[in-house]
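Please look over the chain below. A student's questions come after it.

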Amino acid sequence: MTRIETPLRLAAIGLVGLAMLAAPIPAFSQNCALCYSQAASAGARFIEALRSGILVLVIPPMFMSVGITVLAYRKRNQFKEDDAPESDRPW
């Protein structure tokens, strides 16, 4: 990458991030009717349990996905076929 491309890329990533933060919060939710009615009629303990349950169901798969992505990134060239002749290799 050239020096000009790097700031433009960072600016584009920043603009996308700001656009996501500016989006309304209900746009990110599923708005399940059953969940909404249960949470609306529940007490404070149930709402806290619901929030904890959401975290328990979201965080482990997120860490597993990140772990698999990191492993795939580290092993990306392990099975690459080496068909280049000796004279074409850079080392």
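The questions run from the whole chain to single residues.

This is a predicted model, where local features need pLDDT of at least 70, side-chain atom pairs count only at pLDDT 80 or more, and totals for chains, interfaces and linings use all residues. Residues are numbered from 1 along each chain as its sequence is written, and side-chain values use heavy atoms, with hydrogens and water left out.

Reader: Which pattern does the chain follow along the sequence?
Author: Helices (H or I, at least four residues) and strands (E, at least two) are DSSP runs, numbered from the N terminus. The chain has zero strands and three helices. Read in order, the pattern is α-α-α.

Reader: In which helix is confidence highest?
Author: Confidence here is pLDDT, given by the predictor for each residue from 0 to 100. The chain averages 77. Helix α2 (residues 33-40) is lowest, at a mean of 75. The highest mean, 89, belongs to α3.

Reader: What share of the residues is buried?
Author: Buried means under 20% relative accessible area, exposed over 50%, and partly exposed in between (1.4 Å probe, protein chains only). The chain has 91 residues. The buried share is 0%.

Reader: Which helix holds L55?
Author: L55 is one of the residues in a nonpolar surface patch, along with F46 and V70 among others. Its helix spans residues 44-74. That is α3.

Reader: Over the ring of which residue does the charged end of R76 sit?
Author: The rule asks for NZ of Lys or CZ of Arg within 6 Å of the ring centre and within 35 degrees of the ring normal. For R76 the distance to the centre is 4.1 Å. The ring belongs to Y73.

Note on methods
Patches are made of residues with over 30% relative accessible area and no salt bridge: like charges are joined within 9 Å, nonpolar side chains (Val, Leu, Ile, Met, Phe, Trp, Tyr) within 5 Å. Accessible areas come from the Shrake-Rupley method with a 1.4 Å probe; for residues, only the protein chains shown count as cover. A salt bridge is a side-chain nitrogen of Lys or Arg within 4 Å of a carboxyl oxygen of Asp or Glu.
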